[in-house]
Amino acid sequence: MPARQPAGPQPIHPADSHDTIRVLGARENNLKNVDVELPKRRLTVFTGVSGSGKSSLVFGTIAAESQRMINETYSAFVQGFMPNVGRPDVDVLEGLTTAIIVDQERLGANPRSTLGTVTDVNAMLRILFSRLGTPHIGSSQAFSFNVASISGAGAVSYAKGGREVKERRDFAVVGGMCPRCEGMGKVSDFDLTALYDEDKSISEGALTIPGYSVDGWYGRIFGNSGFFSADKPIKKFTKKELDALLYKEATRIKVDGINVTYEGLIPRIQKSMLSKDREAMQPHIRAFVDRAITFQTCPDCDGTRLNEGARSSKINGISIADACRMQISDLAEWIATLEDPSVAPLLESLSASLTSFVDIGLGYLSLERPSGTLSGGEAQRTKLIRHLGSSLTDVTYVFDEPTIGLHPHDIARMNTLLLALRDKGNTVLVVEHKPEAIAIADHIVDLGPRAGSEGGQIVFTGDIDGLRAGGTLTGQHLDDRAALKSETRTPTGAIEVRGATTHNLRDVDVDIPLGVLTVLTGVAGSGKSSLITGSVAGRDGVVVVDQSAIKGSRRSNPATYTGLLEPIRKTFAKVNGVKPALFSANSEGACPTCNGAGVIYTDLAMMAGVATTCEECEGKRFSAAVLEYTLGGKNISEVLEMPVARAEEFFGTGESRIPAAHKILQRLVDVGLGYITIGQPLTTLSGGERQRLKLASQMAEKGQVYVLDEPTTGLHLADVEQLLGLLDRLVDSGKSVIVIEHHQAVMAHADWIIDLGPDAGHDGGQVVFEGTPADLVSARSTLTGTHLADYVGA
C-alpha cells in the first residue's frame with residue numbers, strides 16, 4: 001500500500017521555484033535600466049513602436065546572453081571557431097533557458113542555395129534517388145548540382161618496404177552538376193551593343209561603359225594597348241582584334257611608360273561590377289548592369305541545374321529534377337505513395353519535413369526556389385520548420401514578428417503553431433505589432449513611450465485587457481480600424497500586363513491603374529510578387545523598394561547611406577576654405593588613433609572582443625583640427641549627433657541652409673525617422689527603421705511609379721497612419737504607387753485593389769478581383785474581401 005500523504009499544502013521543491021526569467025538593469029542600445037520579470041512556459045508578446053527597444057531587450061539581451069553562456073560550455077579550441085559575442089550591458093539575468101532564435105534575417109542569397117539545400121530536404125532526396133532510382137548512376141553526390149563530374153589519371157610514387165614504388169592510378173568523381181551553367185540554372189550573356197558603339201573608334205569614345213571615357217584611365221589603357229588600332233571603327237575590327245578587345249586574359253603592358261594590366265572588357269566587367277551585390281552598386285552602375293547583362297535559363301538543363309545523368313535516374317517515372325520542381329504539397333503526396341522497407345526511416349523523415357512545410361503554410365513553394373528570393377516572412381517560417389517536430393521542452397523560442405508576409409487568413413495558423421510550442425512546456429517570446437497576434441499572449445510587455453532616445457522604458461506589463469486600459473500608445477491604437485474611403489481618385493492611365501506567366505501566374509492579363517494608390521493583395525504565394533518582378537519591375541520609370549536587407553558596416557550611417565553627408569561636407573569645406581575630404585571620418589578627417597571608428601577594438605581570440613572609446617577623439621571620430629571648423633556654430637561631429645528632425649530645421653534656414661541636405665532630411669521625417677541621429681551606425685537600427693530608411697533613400701530616384709513591398713513591415717499601429725499619409729503625398733504629387741500588402745488598413749485606404757488567388761501555389765496565380773475596396777467588401781467573394789469586411793466592421 002502506498003504511504004498516505006499528510007494533509008495540508010506541500011512544500012515547493014527548490015527545483016520548481018524557478019518560474020521566471022528576471023532581467024535587472026538592462027542598458028543595451030537605448031534601454032534605460034530596464035527591470036522586468038517574464039513568466040516561463042508562457043507566451044509573452046513584446047510591443048511598442050519601431051525603435052522603442054523591443055529587439056534590444058529580447059534579442060540583444062535575453063537571447064544573446066543565453067547563447068553566449070551556451071557557447072562558454074565548449075572548449076576554448078571550439079570557441080575559437082565560433083562567433084564572439086560580448087556580454088550584454090545588463091546587471092542581472094536569472095532563470096535563462098536555452099534560446100532558439102527564429103528571426104527575420106533573410107536566408108543566404110548565395111546563387112547555389114535553394115529552399116531544398118537550406119532545409120536539408122535535398123540531401124534526403126539525393127539519398128533516396130541514389131538507393132531507389134533506376135538506372136543506378138552512383139552515390140548521392142551524383143544527384144548534387146554543386147558537385148561536378150571529374151576524372152583524372154597519372155603515376156604516383158610512394159615508399160613500400162624501404163624502396164620507392166611507382167604505380168598508375170586513376171580516379172573519377174560522379175557529380176550531378178550541369179556542365180554548361182555549372183549548377184546555376186542560368187547562363188549570363190552580354191549585350192555587346194551596351195558595351196560599345198560599333199560605328200565609332202576607341203579614340204572617338206566607342207566604349208559606353210561607365211568610367212571608360214576616352215580621357216579616363218581605362219580609355220587610355222584600351223587606346224594604347226597595341227592589340228588593335230584606336231582609330232579604327234570597331235565594326236571593322238578583325239576577329240582577332242575583337243577577341244582581344246572583349247575576352248583577352250590579363251596581360252602586362254606599358255602605357256605612357258607605366259606598367260599596367262590589360263584585360264578584355266568582359267572579364268574586367270565581371271571582376272569589377274558583377275562581383276558586387278546589386279544593391280551595393282551606385283545607381284548608374286546598376287542601370288548599366290541591368291542593361292548590359294541578360295540572364296537566360298540554361299538550355300542544356302532547362303534550369304534544373306542537373307546534368308543528363310542525374311535527370312535520367314527515376315523513381316516511378318519521376319526524376320529528382322521533377323521532384324524539386326513540384327509544389328511541396330504535391331511532392332509530399334508523392335512521397336507518401338512510396339513504400340520500400342530498405343529506406344523506411346528515410347521516407348518517414350522526408351515525409352515529416354514536407355508535411356511541416358504544408359502545416360506552416362509554405363506548401364505552395366518548390367524545393368528548387370532560390371533561397372535569396374524568399375521574402376522575410378517565408379524565410380522565418382522556413383527556419384521554424386526544423387523546430388516543429390522537436391521533442392525539446394523548457395526551451396525559450398524567440399520570434400521576430402512571425403506574422404510578417406502573412407495574409408490575415410494565415411495569421412490564425414501561425415498563432416496555433418506558437419501556442420502549440422508553448423503547450424509543450426516552452427517559453428515563447430514574440431516581438432509583434434499585429435493585434436491578432438497580441439491577442440493570444442499570456443503576458444504583454446509594452447516598451448516606449450516613443451522611439452530612439454525617447455524610448456527604452458517599460459510602460460506596461462500585464463494582459464491584453466490591461467493594455468487596452470493602460471493608456472500607452474499601443475493600448476490607444478490596439479482597436480484602431482481604418483475606414484473605407486468615401487471617394488477614390490481617378491486613374492490617369494494604366495500599366496498593361498498581358499500573358500504574365502512568371503512562377504505560378506496563369507497567363508494573367510491585368511491593367512494596373514496609374515496616378516492612384518493601387519494595392520495588390522492575396523494570400524502568401526498567390527503570385528503578387530511574381531506579377532511585379534516579372535511584368536512591372538523592369539519598365540522605365542519604375543522604382544521598386546523591396547524587403548532586401550540594407551548593406552552597411554558599423555561605419556555606415558543614415559547620412560552616408562542616403563547621400564546626405566555629401567552636400568554637408570561640401571558646404572563645410574566651402575565655408576571654411578578647406579578640402580571636403582577633411583569632413584569624412586573614413587578619409588582625411590579621421591582621428592589618427594582610431595582611424596575614424598570612434599572606438600578601439602581589441603581582439604581577445606576565443607573571448608569576446610573589447611571595444612573601448614578612443615581617448616584621443618573621445619568617440620567623436622574626427623581629428624581635433626577638423627572639429628575647429630564650424631557651420632552655423634556647429635562642428636561636423638555635433639552635426640552628426642543631431643536627430644533628423646533637429647537637423648532638418650538646422651539645414652532649412654539661416655547661414656547653415658543647405659537645400660540638397662534639407663530635401664533628404666524632409667524625406668527621412670516623412671517616413672517617420674525624425675528621432676534617429678544622422679550619424680547613428682546602421683547596425684544599431686531596427687528592421688523597421690532600416691526599411692523606412694531604404695524607402696526614404698529610393699524616393700529620391702527619378703521614377704514615376706513606386707512599387708513598395710509590404711512597407712508596414714516592422715511598423716507599429718500608430719506609425720501605419722503616418723505611412724498612409726506619406727503614400728497619399730506621393731500620389732498627390734503626381735506619382736503612381738503600387739503596394740504589395742497584407743495590412744487591412746492599407747487595403748482600406750487604397751483607390752484600387754487587385755486581389756490574386758484564390759489560394760497559393762498552383763491553386764493561385766489568377767486575378768480574382770479588381771475594383772475599389774468598397775466593392776471588395778460588399779462582394780465578399782474572396783478571402784481578402786471577407787477579412788477586410790470583418791476588419792472595417794461592414
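Into which domains is the protein chain divided? In this predicted model, local features need pLDDT of at least 70 and side-chain atom pairs count only at pLDDT 80 or more, while totals for chains, interfaces and linings use all residues. Residues are numbered from 1 along each chain as its sequence is written, and side-chain values use heavy atoms, with hydrogens and water left out. The table gives the division of the protein chain, with bounds from an automatic or database domain assignment.

| Domain | Residues |
|---|---|
| domain 1 | 13-104 + 373-475 |
| domain 2 | 113-154 + 164-176 + 300-358 |
| domain 3 | 185-295 |
| domain 4 | 481-549 + 696-793 |
| domain 5 | 551-683 |

This report concerns domain 4 and domain 5, whose C-alpha centres are 37 Å apart. Eight residues from domain 4 and nine residues from domain 5 make the contact (heavy atoms within 4.5 Å).

Between them, domain 4 and domain 5 bury about 750 Å², of which 57% is on carbon and sulfur atoms; buried area is the accessible area (1.4 Å probe) that two parts lose on being put together, summed over both. On the side of domain 4, the most area is lost to domain 5 by Ala696, Ser697 and Gln722, together 49% of what that side buries.

One salt bridge is counted between domain 4 and domain 5, a term for a side-chain nitrogen of Lys or Arg within 4 Å of a carboxyl oxygen of Asp or Glu. Asp670 and Arg729 form a salt bridge in which the closest N and O atoms are 3.4 Å apart.
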